[in-house]
2 protein chains.
Amino acid sequence: MNRASVKKVVVIGGGTGNFVILKGLKRYPLDLTAIVSMADDGGSTGILRDELGVLPPGDVRQCLVALSNSSRLMRSLMNYRFENGGLGGHSFGNLLLSALEKVTGSFEKAVEEAGKILYINGKVIPVTTHQVRLKMVLNNRKILEGEKEIYLSQEIDQGYKTIYLEPFPKVNPRVIEEIQNADLIVIGPGGLHTSLIPNLLVEGVCEALINTDAKKVYVVNLMNRRGQTTGFKTSHYIKELVRFIGRDIFDHILINVQKPAEELIEFYAEEGELVENDLDDERLIFADLLGRVNQETRHDLLKRNLIRHDSKKLAQELMNIVDHI
Amino acid sequence: MNRASVKKVVVIGGGTGNFVILKGLKRYPLDLTAIVSMADDGGSTGILRDELGVLPPGDVRQCLVALSNSSRLMRSLMNYRFENGGLGGHSFGNLLLSALEKVTGSFEKAVEEAGKILYINGKVIPVTTHQVRLKMVLNNRKILEGEKEIYLSQEIDQGYKTIYLEPFPKVNPRVIEEIQNADLIVIGPGGLHTSLIPNLLVEGVCEALINTDAKKVYVVNLMNRRGQTTGFKTSHYIKELVRFIGRDIFDHILINVQKPAEELIEFYAEEGELVENDLDDERLIFADLLGRVNQETRHDLLKRNLIRHDSKKLAQELMNIVDHI
């Protein structure tokens, strides 16, 4: 374990879950690292992968923006999406990462350079630098190809035989080093099959998670996703993660207790329902982790973002854990 | 005239001519400003204008890169062109300027922010911030619409009735201020009808050029462009500029005397021929201004770039003028 005065926190995920955690934690004096899934193939990211042969920039971009200390303008620029023509749908940050990958010849170098441009506080590390595709074989033998197809599937909760990355990728060696040297590792919140598990499918990641002396915390999602994790309770999430890791490694499980407004739950109902807790052990930490939604942003947001974690509250609870390491 | 110890040099043009001048001058302790034509509508720039409704970024991008003190990597990034798919042909720098224009709501603000990202030494100012289209009526009454069409025309040397911007644009007030306060104004090298004259067609620019106390130097092109300036000698270039400005304002005329290699001239022959000098007055400055072309870059370059000015030699001659102001 790293005994230096500045604690090392490693966040594992992808997508908006990572964003919320990193945005909160960057305000604290930490040695902060985001390990990012490379399975994304939807939207702008999917088009860039297909047309340019680059590695998926979308999740990395979100982490960079979360960790950025540059101006609000630069952060808006990174998330700006072109609206029309051949550029339509691409976020500028994705184009930056893809162009940097082409110019430098390396995705990792691209992430590093983009980090400099954005004055990030921390590190962003792709879990692998190989081109991989996420695949899932359902119990009905149907094969889902790609994260996007898995994300959109409505029948995963009917059970699946296996989920894997193709080809089976070697881990980025920096990832193992970061896990080894961490004081705290945060897994979640985020899409179980699309953001969390894809990290665990990379060679060596689970062994490193088992062998590190770091404390591990799992942040439980607020909402289930219909057709994917329908009816999941805390124990189901843990069980799924343990199925891949090979051992229950979690020292802490962070659970929100603040109920969202009834009208939001109703509004969200077609997307999914609240995650209920069914565990009762010493690892559970209950706290108000709920993000506020004001009337103004309500109209701008996708339904799935209406009920979300509050980055400040989440960071505060994680810092309580860090302070006791 | 500005009597401060740091001299103010204003470069007027567009395209690669500006690039060569600025790249050379940025090494000197000067107050440097590039005034850039807003008539470009070809290639990536044309697509962005049509699809996104932005102002033309291409010439501005070249000036920003020329003035940049950032890493070689950042400069390569700005000029990187995507090769495939919906992004194919777009240079990254153009996308940066267009996204910044969308996010800030102002092209000038976009140029300013891009200048910060690139650590530019100097200022880049669009001659107007109105959307304009360059138009030309030929002697045969044919109307050429847009800079690209004019640039590609092979019959301009048969004479034209008029060239104008539509709608007739108001000048960017900062341009008038820069011209008023300049110690030296450099016009050219560059496409006569496509890069230089479009600046003179903006309301108030010619009056400002006539009224300023600044010295004015014209840098004569090395090569004529077939179908556009075929057979032009120094006097023809000056006459064309004076036709728009309304007076012969030039204090100095800078002319290259170093002949390019015969094989390059032959290779270039279908594009155009060397500009000959037919003037003989005290304003002429003769110097070796020719850029070297090595075997390696020869294959990468367009023919029209094979015979070009050397930015260092050009800057040195211009500094000789500045030092005597």
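1. Where in chain A is the place of R308(A)? R308(A) sits in the loop between α13 (295-298) and α14 (311-323) of chain A; helices (H or I, at least four residues) and strands (E, at least two) are DSSP runs, numbered from the N terminus. R308(A) is partly exposed at a relative accessible area of 30%, where buried means under 20% relative accessible area, exposed over 50%, and partly exposed in between (1.4 Å probe, protein chains only).

2. On the basis of the model: it is predicted, so local features need pLDDT of at least 70 and side-chain atom pairs count only at pLDDT 80 or more, while totals for chains, interfaces and linings use all residues. Residues are numbered from 1 along each chain as its sequence is written, chains are lettered from A and ligands numbered from 1 in the order in which they are written, and side-chain values use heavy atoms, with hydrogens and water left out.

3. Surface charge. R308(A) belongs to a patch of positive charge on the surface, together with K23(A), R27(A), R72(A) and K312(A). Patches are made of residues with over 30% relative accessible area and no salt bridge, like charges being joined within 9 Å and nonpolar side chains (Val, Leu, Ile, Met, Phe, Trp, Tyr) within 5 Å. Lys and Arg count as positive and Asp and Glu as negative, with His and the chain ends not counted; the place of a charge is NZ of Lys, CZ of Arg, CG of Asp or CD of Glu. Accessible areas come from the Shrake-Rupley method with a 1.4 Å probe, and for residues only the protein chains shown count as cover.

4. Symmetry. Chain A is superposed on chain B by a rotation of 180° with 0.0 Å of shift along its axis, at an RMSD of 0.0 Å. This is the relation of a two-fold axis. Within chain A, G86(A) has the C-alpha nearest the axis, at 2.1 Å.

5. Backbone. Most residues other than glycine have a negative phi, and most peptide bonds are trans. The bond from E166(A) to P167(A) is cis, with omega near -10°, and P167(A) lies in the loop between β6 (160-166) and α8 (173-181) of chain A. In chain B, a cis peptide bond joins E166(B) and P167(B), with omega about -10°. Y119(A), which is not a glycine, has a positive phi near 45° and is placed in the loop between α6 (107-117) and β3 (123-126) of chain A. Y119(B) likewise has a positive phi of about 45°.

6. Burial. Helix α9 (residues 192-200) of chain A has nine of its nine residues buried, among them H193(A), P198(A) and N199(A). In chain B, eight of the eleven residues of helix α1 (residues 15-25) are buried, including G15(B), N18(B) and L25(B). L306(B), in the loop between α13 (295-298) and α14 (311-323) of chain B, is buried with a relative accessible area of 1%. L306(B) and Y268(B) are 38 residues apart in sequence, and their C-alpha atoms are 7.8 Å apart in space.

7. Salt bridges. How many salt bridges does the structure hold over all chains? The total is 36, a salt bridge being a side-chain nitrogen of Lys or Arg within 4 Å of a carboxyl oxygen of Asp or Glu. One network of them links K8(A), D31(A), K123(A) and E178(A).

8. A bridge within a helix. E113(A) and K116(A) form a salt bridge with their closest N and O atoms 3.2 Å apart. The two are separated by about one helical turn because they are three residues apart in helix α6 of chain A. E113(A) is buried at 10% relative accessibility, whereas K116(A) is partly exposed at 49%.

9. Bridges between distant parts. R225(A) and E271(A) meet in a salt bridge at 3.9 Å, N to O. This pair links distant parts of the chain, 46 residues apart: R225(A) is in the loop between β8 (215-219) and α11 (234-245) of chain A, and E271(A) in the loop between α12 (262-268) and β10 (284-287) of chain A. In chain B, D50(B) and R133(B) meet in a salt bridge at 3.8 Å, N to O. D50(B) lies in helix α2 (residues 43-52) and R133(B) in strand β4 (residues 133-138) of chain B, so the pair ties together parts 83 residues apart in sequence. D50(B) is exposed at 58% relative accessible area, and R133(B) is partly exposed at 29%.

Technical notes: Least-squares fit on C-alpha atoms with pLDDT ≥ 70 in both.
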